[in-house]
Amino acid sequence: MTYTHDQIAAAIDHAILKPDFTRAAVDAELDIAAQWGVFSVCVRPSDIPHAVERLAGTGVAVGTVIGFPHGTTSTATKVAEVRQALADGASELDMVLNIGWLLSGMDAEVEADIRAVVAAADGHIVKVIFETSYLDDDAIVRACRASEAAGADFVKTSTGFAGGGATVEHIRLMRANVGEAVQVKASGGVRSLDTAVAMLDAGATRLGTSASATILAEARAVDEGAVATGAVDDSSY
C-alpha cells in the first residue's frame, strides 16, 4: 500500500510521556506536533490543560493515559483519572489493562476494568494498552476479546516503557482477533518511516510515537522526490 505524508501524519499520536520532561521540553514536543500536523498528542495527565491551551487552533487533539504505565491502579482510580482527564480537556484516553490479572487468567476482571473506563469515558475514544512484550499470543488474543467485549475503540500494543514494542506479527494478530469496529494502534519502537508503513500495512490505523518529526520528514522527502521525478501523479509512499 502507499501513503502520503498527510495520511501518515493523520495516523500519529505524538507521545509526550517521559517522566523527566520539563515544561520547556513538553512545549517543544507540543510545537513539533503542531508543526507536523499530527492527529493528536498523548500527554501526561498533569499536562492536559497546558497542552489544550497551547494547541488551541492547531487542529491537534489532546489525549492522555490512564493507569499508566503498569495498569495496576484500582478500577475506581482509573475511573477517577478518566473523569479528571475529560474535565481538563482530553479527547482520547489510552488505558493500560491490568497485566497481572490478564496473566492470571482473570479475564472477567480485566473486561470489567476496561468496561468501567469505557463507561466513564462517555463516548470518548478509549484505547486499551496490552504491553505485548509481557504476553504470549494466547494472552494477546484474550486481551483482544476482553477489550472488544468491554466496548473499547482500539487495542494497542505497548506503553513504550516496558522494553520491546510493536511488531508486525502482533499487529496482525490483534487485527485478526477484533471486529471491524475496533481499530489497532501500534506503539513502542515506531521510529522510522519504514516501520510506520509496515505497521499500517499490517492493519494498524494509529501510530504512537515520539519520533513524529523523523517519520514525517522522511515521508515529506519521499513525496517531494516522487513529484520531482514524475514517478507518480499523486505523491505517496
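Reader: Which residues have the most contacts inside the largest nonpolar core?

Author: In this predicted model, they are Ile8, Val41, Leu97, Ile114, Phe130 and Met199, within a core of 71 residues. Helix α7 (residues 137-150) gives the most to this core, namely 7 residues.

Reader: With which residues is Val41 in contact, leaving aside its neighbours within four places in sequence?

Author: Val41 is in contact with His14, Ile16, Leu30, Ala33, Leu55, Val60, Ala61, Val62 and Gly63. Contact here requires heavy atoms within 4.5 Å.

Reader: Why is the aromatic pair of Phe68 and Phe161 called edge-to-face?

Author: The ring centres of Phe68 and Phe161 lie 5.6 Å apart and their planes form an angle of 85°.

Reader: What does the pair of Phe68 and Phe161 tie together?

Author: Phe68 belongs to the loop between β3 (61-66) and α4 (75-88), and Phe161 to the loop between β6 (154-156) and α8 (168-176), so the pair ties together parts 93 residues apart in sequence.

Reader: Why does Phe161 count as partly exposed?

Author: Its relative accessibility is 40%. Buried means under 20% and exposed over 50%, so Phe161 falls in between. Phe68, at 24%, is also partly exposed.

Reader: How do you know that the charged end of Arg206 sits over the ring of Phe39?

Author: The charged end of Arg206 is 4.2 Å from the centre of the Phe39 ring. The distance must be within 6 Å, and the charge must also lie within 35 degrees of the ring normal. Likewise, the charged end of Lys127 sits over the ring of Phe154, 5.8 Å from its centre.

Terms used:
Residues numbered from 1 in each chain as written. Predicted model: local features only at pLDDT ≥ 70, side-chain atom pairs only at ≥ 80, totals over all residues. Heavy atoms only, no water. Phe/Tyr/Trp six-rings, centres within 6.5 Å; stacked < 30°, edge-to-face > 60°. Helix = DSSP H or I, 4+ residues; strand = E, 2+ residues; numbered from the N terminus. Buried < 20%, exposed > 50% of the residue type's maximum accessible area, 1.4 Å probe, protein only. Core = buried A, V, L, I, M, F, W, Y, C linked by side-chain atoms within 4.5 Å.
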